[in-house]
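Let's take a friendly walk through a protein model together. Have a look at the picture first, and then read on.

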Amino acid sequence: MSDWFSVTEVGDGVTLIQEPHVHPFLRSNTWLVRGSRRSVLVDSGLGVVPLRAALPDLLGDPDLVVVLTHAHLDHMGGAHEFDEVWAHPAEPWDQPGRGSLRGPALARVLGGDLDLPASLLEAPPSPAYRPDDYVLHPVRPTRALHDGDLLDLGDRTLEVLHLPGHSPGSIALHDRDRGTLWTGDVLYDDEVLLDGLTGSDPDDYGRSLRRLAALPAGAVDTVHAGHEPSFDGDRMRVLLDHHLAR
Ligand SMILES: [Zn+2]
């Protein structure tokens, strides 16, 4: 299906890629961040349809680097298509758990008290596609990212923040000069999935949120999250307060 992915330019060298036919539970945000020397793809979608082949003009650059925020299927599914994959080593990249587009099976994989629909696709990518055709491919990261690492894209630099809680190796990327933060599933504009989720840790999550809350005023103007629409620094404070009060 040629329209499996939607592509939205959001300005400042950033492009949002989404899969509108995926159920909202697994409908994640993939971000292309262009630098003068190198571009980075933050996450890689669900992997139902080959991502790179579908968007050759956008993602054909052989030097493109995929940076994964964490090892959940809706973020790492397309990463196996790329040569360079950078990620935090605390995630089970080579054994990410069996992915499934069947709700009950996925609930067993993820853990937690999840009430998911029979199929997590709202429309198949082709008439013959069945949800059971889905395979979550493991990846072997080519570079281990750690807290404080600086990713030099040329005219922009992304700092790695290790923010465990939703998962042990969750990271965010902070462009300090522009005040832009990519948060993956550490923070998005909804209730973040945590309780009972395999690999999650509420204490770690609280520490990670407090770390974001302690960023100096003005450090974050825009948050591009792993799900839901982007938001500004004021909304980030509201969401942090809300989650920390839980
Ligand atoms: Zn996740």
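Helix α6 is built from 13 residues and spans 18 Å from its first C-alpha to its last, close to the 18 Å expected at 1.5 Å a residue. Keep in mind as you read that this is a predicted model.

Which residues of α6 are buried? They are G233, M236, L239, L240 and H243. Looking down the axis of α6, you would find these buried residues within an arc of 110 degrees, so they line one face of the helix.

## Salt bridges across the chain

Side chains of opposite charge can pair when their charged atoms come close. In the whole structure, a search turns up 13 salt bridges. One of them is formed by R156 and D12, whose closest N and O atoms are 3.5 Å apart. R156 sits in the loop between β8 and β9, while D12 sits in the loop between β1 and β2, so this pair ties together parts that are 144 residues apart in sequence. Is R156 buried or exposed? R156 counts as buried, because its relative accessibility is 1% and the cut-off for buried is under 20%.

R211 belongs to helix α5 and D147 to the loop between β7 and β8, which places the two 64 residues apart. R211 is partly exposed at 35%, and D147 is partly exposed at 39%.

Helix α6 takes part as well: R235, a residue of α6, meets D189 in a salt bridge of 2.7 Å, N to O. Finally, salt bridges that share partners bring D12, R156, D175 and R178 together in one network.

## The zinc site

Which protein atoms are the donors of the zinc ion? They come from H70 (NE2), H72 (ND1), H166 (NE2) and D185 (OD), and they lie 2.1 to 2.2 Å from the ion. The angles among these 4 donor atoms run from 88 to 174 degrees, which makes the arrangement irregular.

Along the chain, the donors follow the spacing H-x1-H-x93-H-x18-D. H72 is in the loop between β5 and α3, and D185 is in the loop between β11 and α5, so to speak two distant parts of the chain, 113 residues apart. Both H72 and D185 are buried.

## An open sheet

How many strands form the open sheet? There are 6, in the order β8-β9-β10-β11-β12-β13, and their pairing is mixed. β8 and β13 stand at the edges with a single partner strand each, so one side of each has no neighbour in the sheet.

Inside the sheet, β10 and β11 run antiparallel and are joined by 3 bridges. Residue L173 has W182 in β11 as its bridge partner.

Methods: Residues numbered from 1 in each chain as written. Predicted model: local features only at pLDDT ≥ 70, side-chain atom pairs only at ≥ 80, totals over all residues. Heavy atoms only, no water. Salt bridge = Lys/Arg side-chain N within 4 Å of Asp/Glu carboxyl O. Helix = DSSP H or I, 4+ residues; strand = E, 2+ residues; numbered from the N terminus. Buried < 20%, exposed > 50% of the residue type's maximum accessible area, 1.4 Å probe, protein only. Donors = N, O, S within 2.8 Å, 3.2 Å for Na, K, Ca; no water. Tetrahedral: all angles 85-135°; square planar, octahedral: opposite > 155°, others 65-115°. Pairing = 2+ DSSP bridges. Expected span 1.5 Å × (residues − 1). Arc of directions from axis to C-beta.
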